Amino acid sequence: MGKYFGTDGFRGKAGTGLKSEHAYKIGRYLGWYYGQKHTDGQRGKIVIGKDTRRSSYTFENALAAGITASGSDAYLLHVTTTPSVSFITNDEGFDCGIMVSASHNPYYDNGIKLLNGEGEKMDDDVQDAIEAYIDSEEDYIPYAEEDKIGKTEDFYFGRNRYIGYLSERAMKSFENCKVGLDCANGSAWMIGRAVFDALGAKTQVINNQPNGLNVNTNCGSTHIEGLQKFVVDNMLDVGFAFDGDADRCLAVDEKGNVVNGDMIIYICARYLKEHNQLPGNKVVVTKMSNFGLFKALDKAGIGYEKTDVGDRYVYECMKEKGYIIGGEQSGHIIFRQHAHTGDGILTAIMLMNVMIKTQLPLSILAQNCKMYPQVLKNVVVDDKQTTLEDAKVKEAVEECTVRLGDTGRVLLRASGTEPVLRVMAEAGTDKEAEENVDMIIGAMAQAGHLLEIRK
C-alpha cells in the first residue's frame, strides 16, 4: 500500500481526505502517461464511471479536466458499476478505466479506483508514480496545447453493452422466479432491474431511489436486514443485496436467512466440481473467510488457497494459478472466466444459474455450509505494526489459538483501508468467540497500545 492508494483505490472523506485537487492531478498524470504511450499520434483514451454520491460529480469533472488538459480523451459512463467499468475498459480497448466510488462506505466518503487496460486493478508502479506526482511541488507534466488538448465524450451507451453481456451469462431464463433486489441506492439502481427483467424474472426492487446522500444508508449488503424482511413479506424465491458500486453481492434465501459470500463460493464451487468445471479443484479465499467454509469445502473434497484480505490478492492468485472462482465473505466474488473483478450482479446470476439447474431452493443449497459464530472488533492503536509485533499480544493470540484447537480460530490483522487493527475470533458460541477477542484486546491495553475500540 502507498500513501494514498490502498488495496481498493484512493479513499477518504470527500473534501478533506480526498479532494478535487487529488482527482485533477490523478487525471493529469494518467492523461499524460497513456498519451505518451501512443506513438501513432493518437490520444490516450480513458473511461470514467461513478456511483450515486453527490461528491462523485466533483471528482468525475476534476478527473476529466486533468485528463483532457494532459492531451488524452475522457469518456463518461456516468452512474454505473465498478465491474461495468472493468468490462468496458477491456472490451472497448481503453487505455485505462477509473471508477469514482467509496464502495460500501457512507455517502460522505468517496474514492478513486484505477483499472489497467485489461480491466484489472492498476499496477502498483503506476499508482506509486501518481502518488509522487500528487506530492510533488513542481508540476513537471506538460499541458497540451492547441489541437493536442483532449476532449470529453458521453459514453453512456457502454452500460447497455455491459447489460447485454451480463444477460448472456444466464444458462436459462429466470422466468417465474420471484427475485428481490436491494440496490443500496447506489450504482445498481437501474442496471440491476434491467438485467433481471431482461432475463424474465419477476423482479421487485428496494432502495433504488438515490438522492446523492442515501447510498448504503440502512440498506444494501451492509444492512441486509431490510432485504430479509422484504423477501419473507413478499414470499420471494431469493433476494440479492449489492453495495454502493455493486461489486459485492450477498443473498437471502426464501426463508429470510442470509447467504454470505463464503456460502455463495461454496454453492457455486460445489456445483462446478460436480460438473467437472472447477480447474485445479480449488477456490481462492482470504484469511478472513469463515471457519465453517473451510470445514464445508473439506467435506466436499474441494481445496482452497488463502490470501491476504482484499479482492486484489484473490484475483492475483486466481490468475497466477488458473483458478476460476474466489472471493471474500463480504460478497466480493470473482468468476474469472467472466470478469476481472468482483461483480455483484454477475454473482447473483451465477447463483441463480445453480438454483435453476438443480431446481433446489437456496436454503437447501446452503445447508451444508454452516457459519461459525464470529466476533470482529476494530481497535485503534498507537502503531499497527508495533502492536502486531508486541510479545504480550503475540502470546495472547497463541493462547487463544491453542485453547480453540480445531473448534475455531483467532485472527489479528491490520486494515488495508483504515488506521485500525481487526481482531476476529470464530468459535462454537458467540460468547466463546467474544471472550477470545476481548482477551487479545486486553493484551493490547496491558501493553499500552490500545487507544480506542470502535463500534
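Rings of Phe, Tyr and Trp, the last represented by its six-membered ring, are taken as a pair if their centres lie within 6.5 Å. In the structure, which is a predicted model, 19 aromatic pairs are found. One of them joins Tyr4 and Phe10, whose ring centres are 5.1 Å apart and whose planes meet at 20 degrees, so the pair is stacked. Both partners are buried: Tyr4 has a relative accessibility of 17%, and Phe10 has a relative accessibility of 2%. A further pair is formed by Tyr29 and Trp32, with centres 5.5 Å apart and planes at 65 degrees, so this pair is edge-to-face. Tyr29 and Trp32 both belong to helix α1 (residues 20-35), where three residues, about one turn of the helix, separate them. In an α-helix there are 3.6 residues a turn, so residues three or four places apart point the same way. The relative accessible area of Tyr29 is 7%, which makes Tyr29 buried, whereas Trp32, at 29%, is partly exposed. Tyr29 and Trp32 are also members of an aromatic cluster that includes Tyr33, Tyr34, Tyr133 and Tyr140.

Nonpolar side chains tend to be buried together in soluble globular proteins. The largest nonpolar core of the model contains 71 residues, of which Phe174, Phe196, Phe240, Phe242 and Met352 touch the most other members. Helix α11 (residues 344-358) supplies the largest share of this core, with 10 residues. Beyond residues up to four places away in sequence, Phe196 touches Phe174, Val179, Leu181, Ala201, Thr203, Phe240, Ile345, Ala348 and Met352. Another core lies apart from the largest one and has 30 residues, including Phe10, Phe59, Leu63 and Ile98.

Helix α10 (residues 311-321) has several buried positions, namely Asp311, Arg312, Val314, Tyr315, Cys317 and Met318. The elements that cover these buried residues include helix α4 (124-135) and the strands β13 (282-286), β14 (303-307), β15 (325-327) and β16 (333-335). After α10 comes Gly322, with a positive phi near 80 degrees.

Three cavities of 30 Å³ or more are counted, and the largest cavity holds about 50 Å³ of space. Arg312 of α10 is one of the residues that line the largest cavity, together with Gly6, Thr7, Asp8, Gly9, Lys113, Leu114, Lys121, Met122 and Gln127. By class, this lining consists of two nonpolar, four polar and four charged residues. The second largest pocket contains about 250 Å³ of space. Its lining is made up of 15 residues, among which Gly35, Arg43, Ser70, Gly71 and Lys148 are the closest to the centre of the pocket. Four residues of the lining of this pocket are nonpolar, eight are polar and three are charged.

Ala425 is located in strand β19 (residues 421-426) and, with a relative accessibility of 0%, is buried. Apart from neighbours within four places in sequence, the contacts of Ala425 are with Pro373, Gln374, Val375, Arg409, Val410, Ala433, Asn436 and Val437. Between Ala425 and Gly35, which are 390 residues apart along the chain, the C-alpha separation is 49 Å. Gly35 is also among the residues closest to the centre of the second largest pocket.

Note on methods: Residues numbered from 1 in each chain as written. Predicted model: local features only at pLDDT ≥ 70, side-chain atom pairs only at ≥ 80, totals over all residues. Heavy atoms only, no water. Core = buried A, V, L, I, M, F, W, Y, C linked by side-chain atoms within 4.5 Å. Buried < 20%, exposed > 50% of the residue type's maximum accessible area, 1.4 Å probe, protein only. Helix = DSSP H or I, 4+ residues; strand = E, 2+ residues; numbered from the N terminus. Contact = heavy atoms within 4.5 Å. 1 Å grid on protein atoms, 1.4 Å probe; cavity = no way out; pocket = protein on both sides within 12 Å on 5 of 7 lines; lining within 4 Å. Points joined across faces, edges and corners; volume = space filled by probe spheres on them. Nonpolar A, V, L, I, M, F, W, Y, C, P; charged D, E, K, R; others polar. Phe/Tyr/Trp six-rings, centres within 6.5 Å; stacked < 30°, edge-to-face > 60°.
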